[in-house]
Amino acid sequence: MDTNAQSQPPFNETNEDTPEIGGGLPVIEYWAKHTLSPEGSKLWKTLFHHSACLSCSWGTGGQKGGFTNEVGEKLQRCMKSVEAISAEIQPPVPKHFFETHSIAALQQLSSLEADRLGRLSFPVILRAGSSHYDRISWDEIYAIATTAFQKPPERVASYSSGRGSNEAAFLLQLMLRTLGSNNLADCSDLCHAPSTTALKAMFGTNTSIVSLESLKQADCVVLAGANSAYNHPRLMNELIKIRDRGGKVIVINPVMEIGLVKFGSPAFPVKSLIPGSEIASLYLQPIPGSDVALFVGIQKALIEKGYIDQAFLQAHAEGWEAVIEDARSLSWETITATCGVSQSEIETAATIIGTSKNAVFGWAMGITQHTNGVDNVYSIANTALISGQIGKMGAGVMPVRGHSNVQGFGSMGVTVKLKEEIKQALEQLLGRSLNLPQGYHTRDLIEAADAGKVDTLICVGGNLYGANPDSTQAKRALGNIDTIIYLATKPNIGHFHGLAKTNTIIIPVLNRFENPHKTTVESGNNFVRLNDEGKTHLKNADLISEVEFLTELAHRLLSDYPVEWRKMQDTRYVRQLIARTIPGYEKIATIDDTKEEFTISGRIVTEPRFKTPSGKAKMFATPLPKLILPAPQDFGVESDNCLVLALMTGRSYSQHNTVVYKIGDRYRGMPHRHCILMNRIDAEKINLAQGDHVTVQGDAGRLDNIEVIYGAVREGAALMFYPEVNVIFKAKTEARSGTPAYKRVPVVVYPN
Ligand SMILES: Nc1nc2c(c(=O)[nH]1)N[C@H]1C(S)=C(S)[C@@H](COP(=O)(O)OP(=O)(O)OC[C@H]3O[C@@H](n4cnc5c(=O)[nH]c(N)nc54)[C@H](O)[C@@H]3O)O[C@H]1N2
Ligand SMILES: Nc1nc2c(c(=O)[nH]1)N[C@H]1C(S)=C(S)[C@@H](COP(=O)(O)OP(=O)(O)OC[C@H]3O[C@@H](n4cnc5c(=O)[nH]c(N)nc54)[C@H](O)[C@@H]3O)O[C@H]1N2
Ligand code: SF4
Ligand SMILES: [Mo]
């Protein structure tokens with residue numbers, strides 16, 4: 001019996017403004033508009049440049065030309081790539097802009113407006129007491145930075161975002177670790193850290209164990225908590241092909257994302273682009289944060305239906321007895337009440353998985369950004385193991401990663417949890433043992449800064465202010481740091497709100513297709529891409545490469561120890577170091593000569609042998625979450641006409657993380673940023689109609705004047721966009737990984 005099955009399954013009622021398929025003609029219109037515009041020739045040149053796409057981790061581009069993926073297929077560039085390039089080829093921020101705009105004025109800018117200011121083209125500083133950013137000389141920058149990095153190492157930190165290169169990442173961590181700091185916060189702490197933690201514990205690896213080649217042999221994909229139609233569009237081509245060859249796609253998402261129902265892909269202009277291709281064979285809409293219950297339910301059904309691969313478990317797994325016992329003994333009532341999906345739907349999912357030959361399990365932020373994100377990943381991988389869908393071609397677990405080189409930053413050791421092998425290799429390089437204090441991951445960094453424990457911070461890309469929950473705290477915390485150095489290509493709200501106590505410096509950097517040297521990046525599929533040298537379109541600009549800045553700073557701090565830092569400005573030497581230090585990266589030693597892009601060795605698992613001490617996968621029991629929402633009174637709201645909801649915060653169609661490219665989200669029918677996507681039934685409970693305005697209040701603040709949009713989101717849940725929404729809630733984090741629970745934010749909603 002289902003106690004809390006969907007009362008109106010499926011929750012697919014949208015508003016009249018939403019299109020019938022994801023992708024489709026608007027994508028082509030966007031391409032046409034941009035490629036035929038005045039900046040069109042620059043855009044084409046960049047698209048054909050031999051470098052990896054800037055945008056997501058799916059990793060298109062590189063040496064075979066801008067449109068080719070790692071298995072040589074053409075036409076693999078999506079409009080997200082064009083969006084990202086268009087922002088980078090903007091004209092410079094006008095020369096006198098910072099002189100004529102005070103910080104107070106800059107703080108009024110939205111994320112979109114900040115990005116539209118253009119490319120940063122000379123360094124600036126905001127000094128304590130000054131109301132404006134001023135131009136600064138390189139000599140003064142290095143003088144300030146050198147003094148700042150001579151503070152006690154535990155008070156020095158970095159934050160990074162995954163757009164830079166492997167070479168910059170390697171140098172960053174080498175510099176910090178040589179100085180004695182392990183405070184290497186990274187955007188992955190806010191993102192896939194729960195995946196890394198769980199995969200490490202279960203399989204002894206940090207990343208996806210599925211290659212693109214292997215994915216092409218799957219006849220079932222389970223995609224949980226990932227809106228790939230928006231954020232990894234070329235993954236959609238693989239899903240279309242799976243359906244074409246008779247395979248099945250199970251989507252798990254509280255929101256019925258139109259692009260995951262039907263997607264029109266430009267890669268298949270005739271059969272898919274206009275009519276759209278069916279994606280989901282089965283669409284399950286669990287309560288946000290309840291995926292463990294849903295996956296335990298799938299495990300229970302697999303066991304009950306005899307789809308469990310006992311021989312596989314006995315031979316290749318440890319700890320499976322407890323996992324199976326849990327699934328057996330938990331009642332269907334408890335499972336369905338927790339996840340809000342009916343037993344019959346769960347059983348259908350189990351039958352699909354159980355009868356498929358090869359199944360791949362993919363996931364993204366809907367799984368990781370919860371207080372039990374690690375358990376969520378465990379429960380997915382447990383399901384793969386129970387059904388024997390791992391350790392062979394066409395099967396396995398595949399975190400769908402974020403930024404285009406976020407995985408490379410992790411591989412290079414930009415993490416507070418340094419791999420033992422890298423530690424040993426660094427010790428050899430340093431000729432001494434490496435003192436590795438615990439280190440601040442991103443949330444710990446904010447907390448430490450808030451407590452006055454950080455003096456110096458270098459941010460290699462990103463928007464630390466905008467990416468964090470509780471914007472008020474983030475601002476206050478950054479304001480306690482003496483010196484902040486931002487390396488960035490374009491201005492963002494973090495540069496205007498995340499201001500240091502004494503000196504805030506913004507250093508304009510060259511991007512991936514402009515660097516004077518070759519660089520490399522690593523895709524989410526563990527494929528290493530080589531980016532050729534390039535040139536910037538910015539005339540008379542005073543830009544620097546990330547590698548040049550980091551090596552020059554390190555040289556001034558450390559002279560020639562443990563490497564000749566200035567020599568590293570020829571990035572071939574950095575690649576030699578990487579080859580010696582980073583497991584699986586041996587082939588990078590010859591990439592300059594061979595141009596051969598490669599899959600990192602030891603990452604893809606096609607046999608049931610894992611990198612754990614016993615060679616077996618380790619399984620962990622996954623307690624069901626207790627998903628209780630606070631009462632309105634807990635928010636200090638006394639009115640009866642209000643509703644408490646589980647708010648999911650994430651990306652609109654046209655934004656890249658904290659950078660907004662366009663204010664609306666046409667596929668969800670949300671016309672601007674200040675909308676809340678709600679189920680009609682919920683809205684009617686407090687007498688709201690589509691288009692009405694509400695206050696949305698969390699535990700850290702509230703946003704007034706938010707427009708109600710009816711959408712295909714399950715009852716009890718709602719969706720809003722970050723970074724704007726980050727002002728209303730405090731960070732509740734996943735204890736083992738530090739990742740904030742962005743996808744289940746309790747809020748109270750009431751009419752304005
Ligand atoms: N164009 C573009 N591409 C990007 C990015 C971008 O901003 N723009 N960002 C990059 C980065 S850094 C990342 S991390 C990825 C993000 O890629 P995604 O993870 O796909 O993006 P999100 O919008 O955070 O959320 C994904 C989905 O999770 C669902 N969800 C929310 N809560 C739950 C839950 O409890 N359970 C389940 N099963 N689903 C849930 C939401 O409805 C949403 O559809 O994309 C990368 N690629
Ligand atoms: N509420 C909520 N908050 C979230 C999330 C969520 O789903 N909900 N998602 C979280 C996730 S998954 C992530 S990854 C973080 C993202 O957090 P970050 O990675 O910190 O933020 P981005 O917005 O990607 O950073 C964009 C900036 O990077 C700079 N940049 C771009 N290219 C380059 C380059 O080549 N070099 C350098 N040096 N700078 C460059 C530009 O100045 C640009 O403004 O946000 C997190 N925050
Ligand atoms: S799927 Fe990702 S890597 Fe590929 S072209 Fe699109 S944004 Fe770039
Ligand atoms: Mo991310």
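How far is an oxygen atom of ligand 1 from an N or O atom in the side chain of Lys743? The answer is 2.8 Å. The views below come from a predicted model, in which local features need pLDDT of at least 70, side-chain atom pairs count only at pLDDT 80 or more, and totals for chains, interfaces and linings use all residues. Residues are numbered from 1 along each chain as its sequence is written, chains are lettered from A and ligands numbered from 1 in the order in which they are written, and side-chain values use heavy atoms, with hydrogens and water left out.

View 1. A polar contact here is a pair of N or O atoms within 3.5 Å. Gly225 takes part through its backbone, with an N or O atom 3.3 Å from a nitrogen atom of the ligand. Ligand 1 taken alone exposes 920 Å², of which the protein buries 98%; accessible areas come from the Shrake-Rupley method with a 1.4 Å probe.

**View 2. The shell around ligand 1.** There are 30 residues around ligand 1, and Asn253, Glu257, Asp291, Arg651 and Asn657 come nearest; a residue is counted if one of its heavy atoms lies within 4 Å of the ligand. At least two shell residues come from each of α11 (228–231), α20 (365–368), β21 (643–650) and β22 (655–656). Helices (H or I, at least four residues) and strands (E, at least two) are DSSP runs, numbered from the N terminus. By class, the shell has 11 nonpolar, 14 polar and 5 charged residues. In this division Ala, Val, Leu, Ile, Met, Phe, Trp, Tyr, Cys and Pro count as nonpolar, Asp, Glu, Lys and Arg as charged, and the others, Gly among them, as polar. Ligand 1 lies between domain 2 (195–228 + 288–402) and domain 3 (632–751), because both give residues to its shell. The domain bounds come from an automatic or database domain assignment.

**View 3. Ligand 2 and its surroundings.** Ligand 2 is surrounded by 34 residues, the closest being Tyr159, Lys490, Glu546, Thr658 and Asn726. A polar side-chain atom of Tyr722 is 2.9 Å from an oxygen atom of ligand 2. β15 (483–488) and β21 are the elements that give two or more residues to the shell. Domain 1 (119–182 + 418–509 + 544–596) and domain 3 (632–751) each contribute at least three residues. The shell contains 14 nonpolar, 14 polar and 6 charged residues.

**View 4. The shell around ligand 3.** Among the 13 residues that surround ligand 3, the closest are Cys53, Cys56, Gly59, Thr60 and Cys78. Two or more residues of this shell come from each of α3 (79–88) and α12 (233–244). The shell divides into 5 nonpolar, 5 polar and 3 charged residues.

Notes. Polar contact = N/O pair within 3.5 Å; in protein donor to acceptor, adjacent residues only side chain to side chain.
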